[in-house]
Amino acid sequence: MDAYTLKKKKDTGELHLFKGKMTQEGCTSGNISICKMMKKEENEKNIFACKNEGEARKECARNGRDVCGVCVSNLYTTYE
Ligand SMILES: [Zn+2]
């Protein structure tokens, strides 16, 4: 199952989503955001981590306009 983590970018305060996989020990997250505009090293803090798609949608809605639109749109589109 996919896992989503929302990270805050250091300099800009933008929030970007990272996609990973749920595991027994928690979840993984990619080295680069879904939109490819933020790297893991630029993370200031996690807003949330290890959410499934439905939960991630809700949490992103709560954070509103600070969340990257490209990343969020991925939650509403299935490419597979
Ligand atoms: Zn993004």
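In this predicted model, strand β3 (residues 26-27) pairs with β2 in the antiparallel sense, over two bridges. The two strands form a hairpin with two residues between them, and Thr 23 finds its bridge partner in Gly 26 of β3.

On its other pairing, β2 meets β1, again in the antiparallel sense, this time over seven bridges. The pairings can be set side by side:

| Strand pair | Sense | Bridges | A bridge pair |
|---|---|---|---|
| β2 and β3 | antiparallel | two bridges | Thr 23 and Gly 26 |

Now to the helices. Helix α1 (residues 53-63) is capped at its N-terminal end by Asn 52, where a side-chain oxygen lies 3.1 Å from the backbone nitrogen of Gly 54. After α1 comes Gly 64, with a positive phi near 60°.

What holds the place of the largest nonpolar core, and which residues have the most contacts inside it? This core has 14 residues, with Leu 17 and Cys 60 having the most contacts inside it. At least two of its residues come from each of β1 (2-9), β2 (15-23), α1 and α2 (69-75). The largest share, three residues, is supplied by α2. Leaving aside residues up to four places away in sequence, Cys 60 touches Leu 17, Phe 48, Val 67, Val 72 and Leu 75.

Which atoms coordinate the zinc ion? The donors are ND1 of His 16 and the SG atoms of Cys 35, Cys 68 and Cys 71, at 2.0 to 2.4 Å. Their spacing in sequence reads H-x18-C-x32-C-x2-C.

Why is the arrangement around the zinc ion called tetrahedral? The four donor atoms subtend angles of 100 to 124°, and the assignment follows because all angles lie between 85 and 135 degrees, as four tetrahedral donors require. For reference, the ideal angle for four tetrahedral donors is 109.5 degrees.

Are Cys 68 and Cys 71 buried or exposed? Cys 68 has a relative accessible area of 9%, so it is buried, the cut-off being under 20%. Cys 71 is buried as well, with a relative accessible area of 0%.

Conventions: Residues numbered from 1 in each chain as written. Predicted model: local features only at pLDDT ≥ 70, side-chain atom pairs only at ≥ 80, totals over all residues. Heavy atoms only, no water. Donors = N, O, S within 2.8 Å, 3.2 Å for Na, K, Ca; no water. Tetrahedral: all angles 85-135°; square planar, octahedral: opposite > 155°, others 65-115°. Buried < 20%, exposed > 50% of the residue type's maximum accessible area, 1.4 Å probe, protein only. Polar contact = N/O pair within 3.5 Å; in protein donor to acceptor, adjacent residues only side chain to side chain. Helix = DSSP H or I, 4+ residues; strand = E, 2+ residues; numbered from the N terminus. Core = buried A, V, L, I, M, F, W, Y, C linked by side-chain atoms within 4.5 Å. Contact = heavy atoms within 4.5 Å. Pairing = 2+ DSSP bridges.
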